[in-house]
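Look at how the two parts of this protein chain meet. The paragraphs below go through that meeting surface step by step.

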Amino acid sequence: MIAMSAQTYLDANATAPLRPEARAAMAAALDLTGNPSSVHRFGRLARRYTEDAREQVAALVGARPAQIVFTSGGTEANNLALKGTKAASILVSAIEHDSVLAAAPGAIRIPVTSAGSIDLDALDRLLAGGERPALVSVMLANNETGAIQPIASVVERTRAHGAQTHCDAVQAAGRLPISMAELGVDLLTLSAHKLGGPQGVGALVVAEPVGLAPLLGGGGQERGRRAGTENVAAIAGFGAAAAAALAELEKQSEIGQLRDEMEARACAAVPGTIVFGRAAPRLANTSCLAMPGLAAETQVMALDLAGVAISAGAACSSGKVRASHVLAAMGCGPEEAGRAIRVSLSWQSTQSDIDRFVEAWTALARRRAMSGNDRITLPAA
Ligand code: PLP
């Protein structure tokens, strides 16, 4: 029997636990006084922290430090990429994060297959016909299903049409090996808090010679591409988390074994369970599951009461009950999508976390089956 006071956190795609290396780097940076733009020794020390972090973040994605533009997070980096390039016409995949979709409201959407992978034939047709796109934005891995997108094939096509490629690698960074040069993308988005760094800091990696108009003016920081005094402590934490995530990349295969075991046990215990995106290559840590007959919000609340934190659909928008545009693009109807939960493991997840989830989720399915309808009564918190 699981003690109810035990807490299991399986929502790393919303935010991952802070790594101890990041905490230590931030604590050290918070003791600094200097502004990295100041020329005196205090400023130079602060500058050293940001430049060390720039090297660490660059190393995570096989880029050069000068290509890193620190931002306030993935959302800002996506906005900078889509607005800063001033592209006249843009194609985006239909499963992009809201921060991409909102930054390019007029963009044409590239459909995806039922497995949640970009439809390359449809991309070919869109590139060949009509207005020539100047920028194509496709994420490296989806935040809801974990589906990994064939970016090299996307780049091959966009280049052949003279377009640039932006790739949102927020969920993939620290979970997949990434080489900016091998991917061949022009712009790559990163966020610290998905890989064990602090919230509120991210980066846009910019391959030269991509021209980029800053979103914020009023200072020459980040080589004139992002004005404003740098958040030194957050950047230091980002750098330390990036280095730790890179050093631990091979741990992803263990995480994948835990995820696979969790899915196998959940499917065996609850007949009719759907696993979305299973036919596509997926991030090792992510699982998007639907339990027959019970709304996702009810599952999230019931699991929370059992001490297990997961999310319904996209956690960035949770709190609001809203159909997932990702599952809809995969051809999933609103009823089925409304039952989908996301379980996402972190660098800290263990076998006992998986055991707790499976036990709590299957117990919930049994209660639902006994109640005979989708309105089970939850005890007061
Ligand atoms: N892109 C993807 C794929 C995400 O999952 C998220 C956050 O969930 C973001 C961008 C936004 O990143 P941030 O929270 O750093 O603004």
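Between domain 1 and domain 2 there are 15 residue pairs in polar contact, both residues at pLDDT 80 or more. A polar contact is a pair of N or O atoms within 3.5 Å; within protein, one must be able to donate a hydrogen and the other to accept it, and residues adjacent in sequence count only if both atoms are side-chain atoms. Salt bridges between domain 1 and domain 2 number zero, a salt bridge being a side-chain nitrogen of Lys or Arg within 4 Å of a carboxyl oxygen of Asp or Glu.

This is a predicted model, in which local features need pLDDT of at least 70, side-chain atom pairs count only at pLDDT 80 or more, and totals for chains, interfaces and linings use all residues. Residues are numbered from 1 along each chain as its sequence is written, and side-chain values use heavy atoms, with hydrogens and water left out.

Where do the domains lie in the chain? Domain 1 covers 8–16 + 250–371 and domain 2 covers 20–247; these bounds come from an automatic or database domain assignment. Their centres, taken over C-alpha atoms, are 27 Å apart.

At the boundary, 29 residues of domain 1 are in contact (heavy atoms within 4.5 Å) with 32 residues of domain 2. Together the two domains bury about 2400 Å², 53% of it on carbon and sulfur atoms. Buried area here is the accessible area (1.4 Å probe) that two parts lose on being put together, summed over both. L283, H325 and M330 supply 25% of the area that domain 1 buries against domain 2, more than any other three residues.
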